[in-house]
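Here is a short report on how one protein chain is put together.

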Amino acid sequence: MTHTYFLTGMSCNNCVEKVKSNLLKLPDVLSAKVTLNPQVAVVEITKHIPLSELQQAIGSEKKYIIHEGAFPVSHMENEKVEGVNWFQTYKPVLTIFFYITLISSLLTFTYKLYFHDWMNFFMGQFFLAFSFFKLLNLSGFAESYAMYDIVAKRFKNWGYIYALIELALGLAYLTQFHLQITNAVTLIVMSISIIGVLQSVLYKQKIQCACLGAVFNLPMSTVTIIEDALMIGMSAVAIILI
């Protein structure tokens, strides 16, 4: 017998592998295919297994929740993300941008600095904030990033390197370390990064955006393009101004 179950709580390929391996440990499970987008488990079993037993197998702490029957409400809410609930979905990103803009503006105004100083503050805080969330679950970020980035697809360790590059760029901007080199590295790295993002959005692939690591389950969208494009544009302007 083959049954299809819906899942909630998975955020990366590590989650998929964990759920799959736990299902396969059950003696009455012959095979299991688990996908992230959508979060579905197709399980072949020898006899009926109670849902409570499946739930116990994939995690009694209920980080992952298994459903049967109708499509879960949480999944339907995710499908509405880009329309009805756009602000709530991207609230973490918008909040970060608000704080970064506010702090950069206050520092520039207080010390009577110039526009390129404001950009250094902004870009430095941007990279530190975004690298922070990636480093909270580095392996989870690397797994998510490898789903769409053109380099990470071929070189899995690029996700780990990329997070460290963001950290280094953040520190470089705030300390004004060789700004021409820093801006050039930003321009190159972000230009490469945006290619995979553009492909995912244009082909309407429903995958998790890895911009804030595996901490927030954000969908890939034009917001991600704007983030990358902003860093590309600012680094290009800075190269001209310096």
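## Sheet and helix packing

Strand 1 (residues 2–8) and strand 4 (65–67) pair in the antiparallel sense, over three bridges. Thr8 faces Ile65 of strand 4 across this pairing. Strands here are DSSP runs of E with at least two residues, helices are runs of H or I with at least four, and both are numbered from the N terminus. Two strands pair if DSSP finds at least two bridges between them.

This is a predicted model, in which local features need pLDDT of at least 70, side-chain atom pairs count only at pLDDT 80 or more, and totals for chains, interfaces and linings use all residues. Residues are numbered from 1 along each chain as its sequence is written, and side-chain values use heavy atoms, with hydrogens and water left out.

The protein chain holds 10 helices and six strands. Of its 242 residues, 45% are buried, meaning under 20% relative accessible area with a 1.4 Å probe, protein chains only. Contact means heavy atoms within 4.5 Å. Take the contacts between residues at least 6 apart in sequence: 66% of them join residues at least 24 apart.

Four strands make an open sheet, ordered 2-3-1-4, with antiparallel pairing. Strand 2 and strand 4 stand at the edges with a single partner strand each, so one side of each has no neighbour in the sheet. On average, neighbouring strands of this sheet are turned by 30 degrees against each other, direction ignored.

Strand 1 also runs antiparallel to strand 3 (residues 40–45), joined by five bridges. In that pairing, His3 stands opposite Val43. Strand 2 (residues 29–35) pairs with strand 3 over six bridges, again antiparallel. Lys33 has Val42 of strand 3 as its bridge partner. Four residues separate strand 2 from strand 3, and the two strands form a hairpin. In a regular strand, side chains alternate between the two faces of the sheet.

**Helices on the sheet.** Helix 1 lies across strand 1, strand 2 and strand 3, and runs at about 165 degrees to strand 2. Helix 2 packs on the sheet as well, touching strand 1 and strand 4. The direction of helix 2 makes about 150 degrees with that of strand 4. Axes are lines fitted to C-alpha atoms, for helices over the stretch in contact, and angles run from 0 to 180 degrees between N-to-C directions.

The table sets out their axes.

| Helix pair | Axes come within | Crossing angle |
|---|---|---|
| Helix 1 (residues 13–24) and helix 2 (residues 51–58) | 8 Å | roughly 125 degrees |
| Helix 6 (residues 115–136) and helix 8 (residues 158–175) | 7 Å | roughly 150 degrees |

The angle of roughly 125 degrees makes helix 1 oblique to helix 2. Angles under 35 degrees count as roughly parallel, over 145 as roughly antiparallel, 65 to 115 as roughly perpendicular and the rest as oblique. Val19, Asn22 and Leu23 of helix 1 meet Leu54, Ala57 and Ile58 of helix 2. These contact residues comprise five nonpolar, one polar and no charged. Ala, Val, Leu, Ile, Met, Phe, Trp, Tyr, Cys and Pro count as nonpolar, Asp, Glu, Lys and Arg as charged, and the others, Gly among them, as polar.

The angle of roughly 150 degrees makes helix 6 roughly antiparallel to helix 8. The contact includes Phe121, Phe127 and Lys134 of helix 6, and Tyr162, Glu166 and Leu174 of helix 8. Its residues divide into 14 nonpolar, five polar and two charged.

Key
Buried < 20%, exposed > 50% of the residue type's maximum accessible area, 1.4 Å probe, protein only.
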